[in-house]
Amino acid sequence: MPLYSFHCAKCDADVELLVGCEDKPACPNCRSKRLQRLVSRVAAPGKSRDLIKVARAQAAREGHFSNYSRSERRG
């Protein structure tokens with residue numbers, strides 16, 4: 001199931017929900033069915049690898065390696 005962003009007209013909240021294409025979800029905050037699906041932004045190509053590299057370097061500096069696989073932690 002894809003992750004969609006919604007805006008609730010009743011409580012003015014923005015939420016992300018895993019829903020099927022034809023599902024009509026309720027707002028997790030107020031249970032209203034008055035959700036409007038928002039247009040998602042597309043990630044720029046080539047940026048994800050650089051962001052992951054920066055996040056991993058910061059995690060290593062802070063002393064935690066939870067975002068590394070077991071084989072990467074040994075090295």
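Student: Leaving aside its neighbours within four places in sequence, with which residues is Val 15 in contact?

Tutor: Contact means heavy atoms within 4.5 Å. On that basis Val 15 touches Tyr 4, Ser 5, Phe 6, Pro 28 and Asn 29. This is a predicted model, in which local features need pLDDT of at least 70 and side-chain atom pairs count only at pLDDT 80 or more, while totals for chains, interfaces and linings use all residues. Residues are numbered from 1 along each chain as its sequence is written, and side-chain values use heavy atoms, with hydrogens and water left out.

Student: Which residues make up the largest nonpolar core?

Tutor: In soluble globular proteins, nonpolar side chains tend to be buried together. A nonpolar core is a set of buried Ala, Val, Leu, Ile, Met, Phe, Trp, Tyr and Cys residues joined through side-chain atoms within 4.5 Å; buried means under 20% relative accessible area, with a 1.4 Å probe and protein chains only. Here the eight members are Tyr 4, Phe 6, Cys 8, Val 15, Leu 17, Val 19, Cys 27 and Leu 35. Strands S1 (3-8) and S2 (14-18) each give two or more residues, and S1 supplies the largest share, three.

Student: What is the order of the strands in the sheet?

Tutor: Strands are DSSP runs of E, at least two residues, numbered from the N terminus, and two strands pair if DSSP finds at least two bridges between them. The open sheet has the order S2-S1-S3, with antiparallel pairing. S2 and S3 (35-37) are the edge strands. Five bridges join S1 to S2; Leu 3 has Leu 18 in S2 as its bridge partner.

Key
Buried means under 20% relative accessible area, exposed over 50%, partly exposed in between (1.4 Å probe, protein chains only). Helices (H or I, at least four residues) and strands (E, at least two) are DSSP runs, numbered from the N terminus.
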